[in-house]
Amino acid sequence: MEALDLARWQFGITTVYHFVLVPLTIGLSILVAIMQTAWVRTGKEKWLRLTKFYGKLLLINFALGVATGIVQEFQFGMNWSNYSRFVGDIFGAPLAMEALLAFFLESTFLGLWIFGWDKLPQKIHLLTVWLFAIGSTLSAYFIIAANSWMQHPVGADYNPETGRAEMNSIGAVLTNPTTLAAFPHVIATAFLVAGTFVAGIAVYWMVRKHREDAAHTDLPMYRTAARFGALVMLLAGAAVIYTGDTQGKLLAEQQPIKMAAAEGLMDTTTSAPFSLLAIGNLAGDDPSSVTHLIEIPGFTSFLFTGDWNAEIRGINQLQEEYADRYGATDAAGNEIQYRPNLLVTYWSFRLMIGLAAFSAALALTILWFTRKGSITTKPWMKALALISLPMPYLAASFGWIFTEMGRQPFVVAPNPDGVDMVMLLTQSGYSPNVSAGEVAFSLVVFTIVYAILGVFWFRLIQRYAVEGAPQVEQPTVDEDGSRPLSFAY
Amino acid sequence: MDLALIWFVLIAVLWTGYLVLEGFDFGVGMLMGLLAKNNKERRLALNTIGPVWDGNEVWLLTAGGATFAAFPEWYATLFSGFYLPLLLILLSLIVRAVAIEYRGKINDEKWRQRWDWAIIGSAWVPSILWGVAFANLVRGVPIAESNGHLEYVGNFFDLLSPFALLGGLVTLSLFLSHGAIFLALKTSGDFSKRAGDFAKKISVAALALAAVWAIWTQLAYSVAWTWAAVLVAALGLVAVVWFARVESFGKAFIANAVVIVGAVVLIFGSMYPDVMPSSIDPAYSLTVDNASSTDYTLTVMTWVAVIMTPIVLAYQAWSYWVFRRRISTDHIPEHSELTFLKK
């Protein structure tokens, strides 16, 4: 493999790994902040116990999320130096803002929250968890703004003298319609992940405790958590669908070939059907071999435009359009294939939707079986709760894979209504002075280190989840610092 | 004053913040292996930085992000050129972040020992490599025009000159000294005494190493006005040794921070107007002007920095105030009873 392929694999692996962890941090930080708020307002011990229980799981997750995030910022310079030169004038700005506005807030107030239980008055301490949660969410906004610019560049011109894209409006970059559509979708997904996490573990506990002892005093607490999580899942699920639909329609305008690939739609069609299952050589060079087995007539046209009879352009026609507009051959004289990998886009799109739908269905089940103060005892509910835990994670990961792979062969996809030349082929973005050996070495090292840390992450999450919510003491301020620390590493 | 120069100074400020704050984090990490006699003392050392190390690390992320935004050519050439050293630093930071958080989560001696090695190792590696990297920035590295850009054309071993390796020892000794003083300041009892004694010795070593490196830098690579920075750093180093000797560790800590400020001024002052001098031909050097972003981007970023930096400084300072008290082994609670084995 060449340095370019290795750099792409490295970016894909490190990014998906990082992005698997981040939605839980964002969603759960807000849910934990809500739990602590409920405790401060009601004084009920169960909310304090839940805050501490899910808070600990949040911290185990946050540590690995932060650690893997550090790599992301430097990887652009390390493996994608030509990309960095081309976009730095624009892309660097949201990254620097992310650090200044979000990372400092997130990490400083996390420290205050973890170690400040007996150092700060109750309400100030509550404020620290909210500021941490706000920092996490803000950080997502800036990184989505940066990513959206790569999907749909705005607020920039191409400068032929310097050979790079240059910013002309930070306002346009931060209010990119792509960002405004993607950010709510990402946040809704984060809530779906976190709601499933809270509900899944609580249901598991409810069933387990009930089977040990039907009158156990912890049962109402877990029921509260299960219903709270399920409610979040339901609301988040609806928001995911709504925001996903908005984003899909926007994408159909901005990156038509990505959406055509998601459908495996080879030729321009009016009243285009939605394909539920396709066979044939999606990955091959002959798109005509694809056969759609189950289809919903007109549904793709409806999804993309709101009109059941609309004409949707197919991959073959779009390939010609792109070749006319953006050039038929690359710098080396090879023909440019504007069609992204069909196998990956087609299936990642369906897996994203299907797995997210699974979570929403589970939420309804939980709410039904815990209605009117009842507590579920069904062993299959316990199994279902555990199976459901990874589902929204996988859905989110497939969503990212779809978003990023669907943009290929571009690293900066062209804006069809924008300034020409603000675009970059992935093959032109890598670091020409970094050898394949160096990238291969770092790829291997990252993969091994991530794998080892991932095992510890999983074992700790599992161990602490199985342990359940600990008994707690009411925190009080340690005026003269004479008591042992309420929390210590 | 033009915007690119302002950003050159701001990036120096961000690095100063990083080296002053993470300097003692790394020092504490290394000293956890050298000074602590048992688990409780290792935990004591770790908890002196517990609430703040994560926020300290953000100074690096901000320096990186600011370099990307303000000097994309510098960012691209630097990080692709220093590929392997940066990889080692990143791996250290990854492992350290997880190790600090996971170490105490399971009550098992073997589990703790492994993470201790991870924390200690991941403090030594960047402590040396940051010095190597900065020394190379001062000295200049093989940069030539390649594919229409100013690219690093050397290899890993070009980065390991005697001057650069000495730079690595300078940051190593400075961070050890910084960490020992910080521990003497933040702990009480027997451990604090030992940290103070260590600070007395290591600060002398730091003085010697830094003096040789600073004079070498000044004579070989710098300009006249940076003698002032060398002088400030030298006075700071002497003050550190003196204040450590009389066990006035608060003052020693401030003096050590002044040394780091002097060192950063010397490094950035020696580079200017380059941000990455070429050792092949000065014509290939990346400069503040040819590596920077457009005035528009720099203006936007200046506004963000002017508004946000005081706010960040204020709440970070507050967090230090909240955790201002010394701690001793009496403050370290017992481990949780959680093990990997079911009870």
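This is a predicted model: local features need pLDDT of at least 70, side-chain atom pairs count only at pLDDT 80 or more; totals for chains, interfaces and linings use all residues.
**A:Ile13**

I started with the contacts of A:Ile13 (contact means heavy atoms within 4.5 Å): leaving aside neighbours within four places in sequence, A:Ile13 touches A:Leu443 and A:Thr447. I placed A:Ile13 in helix H1 (residues 3-42) of chain A; helices here are DSSP runs of H or I, at least four residues, numbered from the N terminus. Its relative accessible area is 32%, so A:Ile13 goes down as partly exposed (buried is under 20%, exposed over 50%, partly exposed in between, with a 1.4 Å probe and protein chains only).

Side-chain values use heavy atoms, without hydrogens and water, residues are numbered from 1 along each chain as its sequence is written, and chains are lettered from A and ligands numbered from 1 in the order in which they are written.

**Cores**

Of its 274 residues, A:Tyr54, B:Trp74 and B:Phe268 touch the most other members. Helix H3 (residues 81-115) of chain A gives this core its largest share, 20 residues. Beyond four places in sequence, I found A:Tyr54 against residues including A:Leu28, A:Met35, A:Phe197 and A:Ile201. Another core, of 16 residues, lies apart from the largest one, with A:Ala261 and A:Tyr322 among its members.

**Helix H7 of chain B**

I checked the length of H7 (residues 162-186) of chain B: at 1.5 Å a residue its 25 residues should span 36 Å, and the end C-alpha atoms are 36 Å apart, so the two agree (the expected span is 1.5 Å times one less than the number of residues). Since 21 of the 25 residues of H7(B) are buried, the rest of the structure largely encloses this helix.

**B:Ser328**

I found B:Ser328 in the segment after helix H11 (295-322) of chain B. With 10% relative accessibility, B:Ser328 counts as buried. Outside four places in sequence, B:Ser328 is in contact with B:Leu44 and B:Ser188.

How values were computed:
Helices (H or I, at least four residues) and strands (E, at least two) are DSSP runs, numbered from the N terminus. A nonpolar core is a set of buried Ala, Val, Leu, Ile, Met, Phe, Trp, Tyr and Cys residues joined through side-chain atoms within 4.5 Å.
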